[in-house]
Amino acid sequence: MPMARQALTFFTNPFRKYTIPTILFAQKTPKRHRFSCHYTHSVSAISDPKPCIRSPEAIALEYSDLNLPHTTSEEVGHVRIRQHVNPLSASFATPAEVPNWDEVYKDARLPLMVDIGSGSGRFLMWLAKRNLHSKNYLGLEIRKKLAMRAEDWAKELSLRNIHYMFANATISFKQLVSTYPGPLILVSILCPDPHFKKKHHKRRVLQKPLVDSIVNCLAPGGQVFIQSDVLEVALDMRNHFDAESDTLTHVINTDSSVLCDDDGWLLSNPMGIRTEREIHAELEGAKIYRRMYQKRI
């Protein structure tokens, strides 16, 4: 019996001009999904076979216009990504040093967006490149080499409105953001490490002290954007911010054009670009749970 192939379906990313293929996957998926391709009998698929697109290819396509260099500085060297980090470790207990913001940014008075857990930095870099003269961006990443490589990339691209820091946001967020000369208008926490085991929930980045720091530092009218492909984690973050209803309101209460499902999750990504984890999860058929809050004026 010849090997069966599954027909490809296509979807158009609403924030990009090109079309990329996605695969029909088995209905049962684990909490953290592993990529796999399945096949089924299809005359059209056999007569017109198309390659199975994988996460690295989709990510490269999504961020192709960044034209990032393939080399990094000797100081950074080869970047081997460690997926899970314990933020409670003593090695991450030292607060990050507050930089001279006037040296970091061309104009340190511009409105600031902070991405907590900026990962490779591509997501924030894409935004910075499109808002060169109107916004500044700060990426906080607990994995040092990722932050260093992202900062190298930003310098290679001569971006003076973005900066990456090796920092434990739980410890350093308030100290860093409170010294920034301009207003904090947006904080994002996108697909953070889920730390599935109950005994490790205390390692999750979003805890009450960080929520308080975000709410207090956020400018009136400023926003908080959270998302995860793990429902349990998304609900945990949602509960933290829903509890701040005296100060924060869900964005659907201030913007009638925002669309949500029956459970209050945003139907689409409002940022105009997807994160790498988001691309990977959607390729595997996972749902992304998103919420956005706005600080009351």
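User: Is L140 buried or exposed?

Analyst: A residue counts as buried when its relative accessible area is under 20%. The model here is predicted, and in it L140 has a relative accessibility of 1%, so L140 is buried. This residue belongs to strand β4, which covers residues 136–141.

User: Which residues does L140 touch?

Analyst: For this list, residues up to four places away in sequence are not counted. The partners of L140 include V114, D115, I116, G117 and S118, and also M165, A167, A169, F173 and L176.

User: How should I describe the chain as a whole?

Analyst: One may begin with its elements: the protein chain holds nine helices and nine strands. Of its 297 residues, 48% are buried. The chain exposes about 15600 Å², of which carbon and sulfur atoms supply 52%. Finally, among contacts between residues at least 6 apart in sequence, 79% join residues at least 24 apart.

User: Which strands pair with β6, and in what sense?

Analyst: Pairing is read from the bridges between two strands. Strand β3 (residues 112–116) runs parallel to β6 and is joined to it by five bridges. Within this part of the model, D115 stands opposite S188 of β6. Strand β7 (residues 218–228) also pairs with β6 in the parallel sense, over six bridges. There, V187 has V224 in β7 as its bridge partner.

User: How many residues of β6 are buried?

Analyst: Strand β6, residues 184–190, is mostly covered, with six of its seven residues buried.

User: What is a salt bridge in practice, and how many are there?

Analyst: The test is a side-chain nitrogen of Lys or Arg within 4 Å of a carboxyl oxygen of Asp or Glu. By this rule the model has 14 salt bridges. One of them joins the side chains of E276 and R122, with 3.0 Å from N to O. Because E276 lies in helix α9 (residues 276–283) and R122 in helix α4 (residues 122–130), this pair ties together parts that are 154 residues apart in sequence. E276 is partly exposed, at 22% relative accessibility.

User: Where does the bridge between K287 and D261 lie?

Analyst: The side chains of K287 and D261 meet at 2.9 Å, N to O. K287 is in the loop between α9 and β9, whereas D261 is in the loop between β8 and α9, so the pair ties together parts that are 26 residues apart in sequence. K287 has a relative accessibility of 41% and therefore counts as partly exposed.

User: Which residues are joined with E282 and R274 in one network?

Analyst: The closest N and O atoms of E282 and R274 are 2.8 Å apart, and the two residues form a salt bridge. E282 is partly exposed, with a relative accessible area of 26%, whereas R274 is buried at 4%. Through salt bridges that share partners, E62, R274, E278, E282 and R290 are joined into one network.

User: How are aromatic pairs read, and how many are found?

Analyst: Such a pair is described by the distance between the ring centres and the angle between the planes. A search of the whole structure gives five aromatic pairs. In one of them, the rings of W101 and Y180 have centres 5.6 Å apart and planes at 85°, so the pair is edge-to-face. W101 lies in helix α3 and Y180 in the loop between α6 and β6, so this pair ties together parts that are 79 residues apart in sequence. W101 is buried, at 5% relative accessibility, and Y180 is buried, at 5%. Ring pairs also link W101, Y105 and Y180 into a cluster.

User: What are the distance and angle for W265 and Y289?

Analyst: W265 and Y289 form an edge-to-face pair, 5.4 Å centre to centre with 70° between the planes. W265 is in the loop between β8 and α9 and Y289 is in strand β9, 24 residues apart. Both W265 and Y289 are buried.

User: Which charged residue sits over the ring of W265?

Analyst: It is R238, whose charged end sits over that ring, 4.8 Å from the centre.

Methods
Residues are numbered from 1 along each chain as its sequence is written. This is a predicted model: local features need pLDDT of at least 70, side-chain atom pairs count only at pLDDT 80 or more; totals for chains, interfaces and linings use all residues. Side-chain values use heavy atoms; hydrogens and water are left out. Helices (H or I, at least four residues) and strands (E, at least two) are DSSP runs, numbered from the N terminus. Buried means under 20% relative accessible area, exposed over 50%, partly exposed in between (1.4 Å probe, protein chains only). Two strands pair if DSSP finds at least two bridges between them. Rings of Phe, Tyr and Trp (its six-membered ring) pair if their centres lie within 6.5 Å; planes under 30 degrees apart count as stacked, over 60 as edge-to-face and the rest as tilted. A charge sits over a ring if NZ of Lys or CZ of Arg is within 6 Å of the ring centre and within 35 degrees of the ring normal. Contact means heavy atoms within 4.5 Å. Accessible areas come from the Shrake-Rupley method with a 1.4 Å probe; for residues, only the protein chains shown count as cover.
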